[in-house]
Amino acid sequence: MNYSVLKNNQRVQFASIPVIAYESFIETISGMLEDKNNHCVNFFGFPSDNKVKLICCIASDTESCIHVTSTNVETGSSLPSATAHNLSFEKFEREIHENFGIKYTDHPWLKPVRYPFYRNDKSQNISNYPFYSIESEELHEVGVGPIHAGIIEPGHFRFLCNGEQILHLEIQLGYQHRGIEPLFIEKKKLNERVTLAENIAGDTVVGHTTAFTNLWESLCDYTPTPDLKFNRTLALEHERIAIHTGDLSAICTDIAYQLGSSVYGRLRTPVINYFQKWCGNRLAKSLIRPGKTNFPFTKELAKEWFKTFEDYDPDFQEMSKRLFDLPSALARLERTGVVSAETATNIGMVGMAARASGLLRDIRQTHPHDFYQEIGYDPVLQTTGDVYARINIRMEEIIESMDYMVDLINHMPDPARKHPAMSAPIPDSFVVSLVEGWRGEICHTAITDDKGDLLIYKIKDPSYHNWLALALAVRNNDISDFPICNKSFGLSYCGHDL
Amino acid sequence: MFEDFKILYHQGKQYIPDLTTVEVPGIFRGRPVITNENVDENLLIDMCPTMAISTNPVSIDLGKCTFCGECSFAFPSKIQFTKDYKISSNIRERLIVKAGDTGFVELDAEKIRKEIKKIFGGSLKLRQVSAAGDNSCELELNATGNVNFDVGRFGIEFVASPRHADGIVITGPISENMAEPLQICYDATPAPKIIILAGTDAISGGIFAGSKALNRSFLDKYPIDLYVPGNPVHPLTFINGVLSLLGKGKK
Ligand code: SF4
């Protein structure tokens, strides 16, 4: 066998993962992606015995499992790429190139990813990024960022335009790099690590913290009580409602629809204030912890939730009906920033944006964890892949998440009297943890050494896959439509830059 | 048109009439109160993820605290967090709350530069710079302008260009990769100008303190006019901090 087969959150012995020759490695991973139900959830390298060990994790959506294989290559060596066989490997191999100087001889776009402090070539600097440009008297370039006009995170967008029309957009990231992955190794205390997880992306606190928590519990062979799993599922869906609502407000702002902007904006307030009532933080920091919770979900909280959404629901429905019936709004949203199902598949898109293009990528359905098996989850799919689809899907998902939460709360497990104590991680372990955050698939991967210390901690935010989708979506669109295209994806800078 | 009026009518009144006295709903971890009780101090220090707790006497540095509440769950009779969200100061040391302290966290009015009230008292335009912020403080700073908090009522507003701004608000621990853009943005802001650090990450680096990916040298160069603790900052903490800086706050 060229690969191991494991489930979401299943701990296996790291030594049991096959190490194969580089040629068979490329053949195996690109072969797997010929089946469109498979996609790459993580592919990374790390130094091991003076070499670089490459590990690739390919998820099968039909079989609910993850195929993992590995190979060893020399630092700085020249190798054929997997990207030449399948485009969806492009970012992963760029990162391996950036970190270890591996030269992929047939990679079409071997550019820096995030300028981490541990990059292989220190002469590469974020201020001298090699932008693609075309010498022409008819074309012009527009540079935006890293600091943008609003209160948002930094990143640089370089447009190549013909008049008002965008021919090409290059997105340069890395400004938000905080060195999170090495910090997971340096910081030894669980409380430090869970705090790190909580700060990967402050708009996806529950998503990333749940990925970490599930992974950590698997590393320790710890079985959480049902109330803990319940809390996590509930919080994930609540986070989805909160952020989707805020995004609906933001898109209305960008199309200058003041009523929608104000109404959705104010509707988000009780949703995030509900997190405040639950755990004392509007974005749910401090709520999710491995092996315990400081904030059990109580009958009073259940009552409060129903009250909150009794008020939210009619106003939300009324506003949504208005927005999605409004010709002037629809004219801006429809057929703008289209990503076809084919492109979505080719570049390995994930999450809500993939589903808006008709591609079913949803961990809740395909690799269920916590209470998702019980929910009987039925994903919302759209086909048009335009801004409209990515906005409309948020509205639909909010309605669906409310239904799931009602159902969950009606079947809420009793809080455990006591949560069993946790032991340390088991030596020589390997775990992949997948969670469907509001943006899409979050993947955390960890390996422990022979003493049970963390050897590698690897994080992949859904934005990692989807930034390229934005760049492709805006081609041939007017540059004035860029803000709504950008907002419709709602991607994370810090989640990407780590 | 009629439908729009209906929607408007259904919203009711959403704005918060008095932002200086309103109570935060639910649980809130604001200014801590620390008693003089004897506890296992090593255990206490050890449980804090960001080394915000020190001893002799036991104290919590709100510039480092992520407000996870862990210390107060473990030692409820030693540490309790109150719902007091007015925890900003212009003096870094004032963010340190010690055992036995009963007073508020306040600005030192004497140390506020005189021109701030005079020039910015009626109108303050701010340029926000996310320097590796995780988008939580950014979301909350955005919320200060929404229909609930409506900080615009005080003439306080976030603007698109540093050239239109009277100062900058920094979020995030300041990455090496953002060090230069931050400097350029600050230089582009016309003087006199203020600097506000919003959130634990900006004030101390938070959980990222000591990371090799940071470059916080910008902060050594200029005086900081306001520190606003929180992870993320609560809109009310930010608004009240700025109002106090402008000499408009009530206590
Ligand atoms: S609440 Fe603050 S002081 Fe207490 S443990 Fe958490 S970070 Fe440390």
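**Notes on the predicted model**

1. B:P232 is in the loop of chain B that runs between β10 (226-228) and α9 (235-245).

2. A:P146 belongs to the loop between β8 (139-144) and β9 (156-162) of chain A.

3. Two residues of chain A deserve a look for their backbone angles. A:D428 is not a glycine, yet its phi is positive, at about 55°; this residue lies in the loop between α14 and β11 (429-436). A:N476, also a residue other than glycine, has a positive phi near 65°. A:N476 is placed in the loop between α15 (463-473) and α16 of chain A, and its relative accessibility of 53% makes it exposed.

4. Over all chains, the structure holds 41 salt bridges. One of them pairs A:K285 with B:D134, and the closest N and O atoms are 2.8 Å apart. This pair joins two chains, because A:K285 lies in the loop between α7 (258-279) and α8 (299-323) of chain A while B:D134 lies in the loop between β6 (124-130) and α5 (136-143) of chain B. Both A:K285 and B:D134 are buried.

5. Another salt bridge links A:R289 to B:E70, with 3.7 Å between the closest N and O atoms. A:R289 is in the loop between α7 and α8 of chain A, and B:E70 is in helix α3 (residues 70-74) of chain B, so this pair too joins two chains. A:R289 and B:E70 are both buried.

6. Within chain A, the side chains of A:K321 and A:D325 form a salt bridge at 3.5 Å, N to O.

7. Of the 24 residues, 18 are buried, so α14 of chain A is largely enclosed by the rest of the structure.

8. Where does the ligand sit? The ligand is in the second largest cavity. It is surrounded by 13 residues, the closest being B:C48, B:C65, B:C68, B:G69 and B:C71. By class, the shell around the ligand consists of nine nonpolar, three polar and one charged residues.

9. Two residue pairs give distances that can be checked on screen. A:P483, in helix α16 (residues 482-489) of chain A, is partly exposed at 38% relative accessible area. A:P483 and A:Y129 are 354 residues apart in sequence, and their C-alpha atoms are 23 Å apart in space. B:N36 is in the loop between β1 (32-34) and α2 (41-47) of chain B and is exposed, at 61%. From B:N36 to B:P162 the separation is 126 residues in sequence and 47 Å in space, C-alpha to C-alpha.

Conventions. Residues numbered from 1 in each chain as written. Chains lettered and ligands numbered in written order. Predicted model: local features only at pLDDT ≥ 70, side-chain atom pairs only at ≥ 80, totals over all residues. Heavy atoms only, no water. Salt bridge = Lys/Arg side-chain N within 4 Å of Asp/Glu carboxyl O. Helix = DSSP H or I, 4+ residues; strand = E, 2+ residues; numbered from the N terminus. Buried < 20%, exposed > 50% of the residue type's maximum accessible area, 1.4 Å probe, protein only. Near = heavy atom within 4 Å. 1 Å grid on protein atoms, 1.4 Å probe; cavity = no way out; pocket = protein on both sides within 12 Å on 5 of 7 lines; lining within 4 Å. Sits in = over half its atoms within 2 Å of the grid points. Nonpolar A, V, L, I, M, F, W, Y, C, P; charged D, E, K, R; others polar.
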